[in-house]
Amino acid sequence: MNISLNWLSTHLDLSGKSIPELDDLLTFAGVEVEGIVTKGISTDKIVVAKIIEAVQHPNADRLKVTQVDAGEGTLRQIVCGAQNYQVGDKVPCALPGAALPGGFTIGEAVMRKVESRGMLCASSEIGLPPGEDGLLILPADAEIGKPVREMFESDVLLELEVTPNRPDLLSHRGMARELATLLKTPLRPLEIPARATAPAAGGDVRVDAPAACPLYTVVRISGVTVKDSPPWLQQRLEAIGLRPINNIVDVSNFILHELGQPLHAFDAAKLAGGIVVRHAADGETFTALDESTHILTTDDLLIADENGAALALGGVMGGLDSGVTASTTDILLESAWFTPPGIRRTSRRTALSSDSSYRFERGVDPEGVLAASHLAVKLILATAGGSAEETTLVAGQAPVLTRPVTLDQAKLDQLMGGSISLTDAGAILTRLGLTKLAVATWQVPSFRADLQRHIDLVEEVARVHGLDQVPSRFQATFVPASPVDAAYDADMVLRRRLAALGLHECQTIKLIADGQLGDALPLRPLQDGDLIRVKLPLSEDHAVMRPSIVPGLVASAVRNVHQQAKSLRFFEMGRVFRNAGGGKARDQESETLALLLSGPTGPAGWAATGRTTDLYDLKGVLISLLGGREIQLSPRERDGFVLAADIKSGEQNIGVFARLAPSRERELDLGHPVYVAELDLAKLRKLLGSIDHVTDLPQFPGSTRDAAMELPVGTPNADIEAVIRKCAEPLLVSAECFDLFTDPTGVKLSADRKSVAYRFYYRASDRTLTTEQVDAAHRKVLDTLVAKLGVKFR
Amino acid sequence: MNESIGSIQTAALAQIAAATDVRTLDDARVAVLGKKGTLSLAAAGIKEVPPQEKAAFGQLLNAARTAITAALAEKQAALREQADRAALAGIDLTLPARRVPVGSLHPLTLIRDQAIGILRRMGFALADGPEIEDEFHCFDALNTPADHPARNEKDTFYFDSGKLLRTHTSSVQIRTMESQPPPLRIIAPGSAYRRDEIDATHLSAFNQLEGLYVDREVSLPDLKGTLEYFFREMFGTSTEVRFRPHFFPFTEPSFEIDVKLQIKGQTPRWIEVAGCGMVDPAVFESLSQSRKDQAYDPEQVTGFAFGMGLDRLAMIRWGIKDIRLLIENDVRFLKQFA
């Protein structure tokens, strides 16, 4: 909301208050100052100067060298490029040191080898509304040497943000009332002319919707002349950024910003009979004065005439044909109180909003409805002539929205930490317009319907008293860690491990595009209906709740590749979303960890091996993440991916592993194979759990035996491991694959065979094994491999 | 005899000096000091030396042995050093490193962890709740009127189910109080969503940190002390903190918190960092109805709540000018946090 300081000053004395002081005052009253715009000239160093002489600049065709009299006793030489003046004219002259609105300060300069001691100014250069091209020519009687500022009205525009609980501040009078409270200065009295009122009877006004419109007043003014408003009124409106329209409209806009009460003027000639305030018929159409047409519901409120023609959407906007025009002679001036929720619903439904609906939906002062009408009548008669009917017709009555509220000493002390006495708190309430009814009971004024409860009064006291007056206290209590704490700590361990393994943590948006769903790698494949879509997405790019983090990481990979990033090592942790059963069951949120590796294994360099990341790198990262615990990849097809597998830790499935389909990698221009994994965080956290107790170190040495076996190239390594495991040789501690040999040319080894070398480690916990014992155990293992897998030992 | 010891010594020293590696040096040692070495044989000859010359001969012999042993040790050290140097020939310390990939934590993780760390020291425990929320927990229970603008489909993401993406983490306050009686000291970091077009200062999904303290006699001094301490821990112990009155439906009185910070190259200014307030009694009333008990009787308990935007804190902390950098995951940005 815009507030003009000059306008505000008609309500209270603000002299001696600096703008920063007012800014602070409003800020600490809970009114956010979003902008301060100074209008007019703000310096005394721009003075009236008379041009005594102007000669051609010796070194520049477009410049003249002037001698001006700025009332200093001697003439001042100034180089000037303007063409619009005559010698003898009086113009604004900025003296050295003058700060101009453009943010620069005038100094003495040499322009093309000619000294220039100041600047002759155009209106826009000194903060005045732009005028004709060239210098601002001042009246001939302007006093030489006098600050130009004194000849033009200056003003300050305050751009304020008022919180929704304070509709009483949405006017100059309301803001002045608040400032008067804070400054402890009196408010200037408001002169509201007295007028007679009479209950509306029969034909003139009929309210068929009293719940939505408890109070409706109207007064007829005849014989008005619609024309431009007088300058003072135009200036007031222009000062807060409004465009003057005509005297009738301008008066109602003035009243709205003066008192906060919206008014509406109808052209009486366009009405058939009296005014009827009624709900719209279902499907009734209404064309607003902005020419938009709306189909209404029975919840919307119309101001209509007796023929049923809709004149205005009550409290929101006038109709296209009922308003005041240049030919209007008789008007009906409405001032009413509409129930806020109804106005808000209509405004939302129709997407129509106005300064009126903004105030009605927050709640205007019911006791101010008639005062606003009376003041408007006076101003209309003064600016448009004509005569008003003797009485203002009133239908219904002002609703009573406030009631006595208690301010309890004990609760006040408790909440404020004893920082304010009940007497001082009472003084604050009194300044705010409340009246003390009994020891602790206060009557709230009609314009403060937001004060309904004890806490509301405490809030006012705290606000005006200020939190800087309240002591700071800190008391700690012991709080046990929650399961969420435990999960958080485990996640931070995982994050730090991944960063130490050279991965960058990413953060992607949880709303993704349909086109990204093909990259999703959820823990369980999706069924139809499992996806959760927002109803009204901002764009197609953010339409679906992500069922998996991988699509976000793939998109990040693509963006980085476009930026010439080489090695891509990413992870992200967070929630994924799906319906548990094709859209019919519960929406589930679970937490996962996703990883993506692609491109060179490390930074390039003189000593780099230049290897491209492969699936074993990602497998290695996963094992390191689990502190060296083995995982198994158990192949399971996934659409859109190759090499897809379940990630198993022991018998437990903990996630999914895959490479993007090479065709998708090409489509995205990724250039290298992209390996991804998505893991169930809840399970990972459990795997991180600390050990129960340590294993004793072996007391006796063990022995190793190496063996290279030949077998079909297609036999998975897991088969070898499974056979070794099943063989359950008690002396075998570990078996590790340390070499793999294939020869596609078939020269050294048939192309359909591979040679796999394992190192077996044998040890007993209670004795040193003899060579014979080790050999026997080893033989048993090898025999089992031959028997179960048909391998050949070389 | 004496002359022969002199010549043995001369020859031995020459052989030691001529040794070029450990093996030839060892040969020289054996040739002189070995069982059949020249000096050992000469020493054996002491039996034939006349008794009156034995002492002088012995001295001569010892002197020769000492000199030869010292020469051997010296040569051995020189050879080791020479071999060590040879082993390092051609190695250039100034060549670039063999780099190991360096990873990083996301700035939001860093700022969240710092904030959580401070608040945990102050006795807050973590809590969480769903991001797909119902209107009750996101709005009704937080004293937000049915026709409040935030509930509009233009401002909030809704689903066909009638649920919505929570617009603030304040819903976790309700979820936690529903299941736990006071006293309660919780913090809830998490995502929240608003239907804002994405630009340099807005994301449709952002990260918040919510806090709630409910007990008997929780007061404005508690709120003030806690949050002043928090922001001074966060931004430096001398940071100025101020509380501006504001309005939120679920707290009263409500405040916005500014801290005075100096961003490099600018004059210090007040920057808004959080919202807070005393829990509105209406929230406790609604809660008492849904809990069907009086654990949160507004006549008995009071509390304060606060919420802050972690994205904003990260932007302030590191001078990040465009919020989109926080979701674009450009490696050139991320690696600065390694």
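User: Into which domains is chain A divided?

Analyst: The model is a predicted one. In it, chain A is divided into domain 1 (2-40 + 155-183), domain 2 (46-151), domain 3 (196-396), domain 4 (405-465), domain 5 (484-687) and domain 6 (703-793). Between the C-alpha centres of domain 5 of chain A and domain 6 of chain A the distance is 34 Å.

User: Which domains does the assignment give for chain B?

Analyst: For chain B the assignment gives domain 1 (2-87) and domain 2 (107-337). The centres of domain 1 of chain B and domain 2 of chain B, taken over C-alpha atoms, are separated by 87 Å.

User: How many bridges join strand 3 of chain A to strand 4 of chain A?

Analyst: Strand 3 of chain A and strand 4 of chain A run antiparallel and are joined by 6 bridges. Within this pair, A:Glu53 has A:Gln67 in strand 4 of chain A as its bridge partner. A:Gln67 also stands opposite A:Gln77 in strand 5 of chain A, and the antiparallel pairing of strand 4 (residues 64-69) of chain A with strand 5 of chain A extends over 5 bridges. Strand 3 (residues 46-56) of chain A is likewise joined by 5 bridges to strand 6 (residues 90-94) of chain A, again antiparallel. There, A:Val48 stands opposite A:Pro92 in strand 6 of chain A.

User: What is the order of the strands in the open sheet of 7 strands in chain A?

Analyst: The order is 27-30-31-35-34-33-32 in chain A, and the pairing is mixed. Strand 27 (504-505) and strand 32 (632-635) of chain A are the edge strands, each pairing on one side only. Inside the sheet, strand 33 (residues 641-649) of chain A runs antiparallel to strand 34 (residues 652-660) of chain A, with 7 bridges joining them. One of the facing pairs is A:Ser649 and A:Gln652, the latter in strand 34 of chain A. Helix 13 (residues 550-562) of chain A packs on this sheet, where it touches strand 30 (568-579), strand 31 (587-598), strand 34 and strand 35 (674-680) of chain A. The direction of helix 13 of chain A makes about 145 degrees with that of strand 30 of chain A.

User: How are two packed helices described?

Analyst: Two packed helices are described by the angle between their axes and by the distance between the axes. In chain A, the axes of helix 4 (residues 231-239) and helix 5 (residues 247-259) come within 10 Å and cross at roughly 50 degrees. Helix 4 of chain A and helix 5 of chain A are therefore oblique to each other, and their crossing is left-handed. A:Leu233, A:Arg236 and A:Leu237 of helix 4 of chain A meet A:Asp250, A:Asn253 and A:Phe254 of helix 5 of chain A. By type, the residues of this contact are 3 nonpolar, 1 polar and 2 charged.

User: At what angle do helix 10 of chain A and helix 11 of chain A pack?

Analyst: Helix 10 (residues 422-431) of chain A and helix 11 (residues 454-465) of chain A pack at about 95 degrees, their axes being 10 Å apart. They are therefore roughly perpendicular to each other. The residues of their contact divide into 6 nonpolar, 1 polar and 1 charged.

User: Finally, how many residues of chain B are in contact with chain A?

Analyst: In chain B 70 residues are in contact with 77 residues of chain A. Helix 8 of chain B gives the most to the side of chain B that touches chain A, with 8 residues. The residues of that side of chain B divide into 33 nonpolar, 14 polar and 23 charged.

Notes:
Residues are numbered from 1 along each chain as its sequence is written. Chains are lettered from A and ligands numbered from 1 in the order in which they are written. This is a predicted model: local features need pLDDT of at least 70, side-chain atom pairs count only at pLDDT 80 or more; totals for chains, interfaces and linings use all residues. Domain bounds come from an automatic or database domain assignment. Two strands pair if DSSP finds at least two bridges between them. Helices (H or I, at least four residues) and strands (E, at least two) are DSSP runs, numbered from the N terminus. Two residues are in contact if their C-beta atoms, placed from the backbone, lie within 7 Å. Axes are lines fitted to C-alpha atoms, for helices over the stretch in contact, and angles run from 0 to 180 degrees between N-to-C directions. Angles under 35 degrees count as roughly parallel, over 145 as roughly antiparallel, 65 to 115 as roughly perpendicular and the rest as oblique. A crossing is left-handed if the near helix is turned anticlockwise from the far one by less than a right angle, and right-handed if clockwise. Ala, Val, Leu, Ile, Met, Phe, Trp, Tyr, Cys and Pro count as nonpolar, Asp, Glu, Lys and Arg as charged, and the others, Gly among them, as polar.
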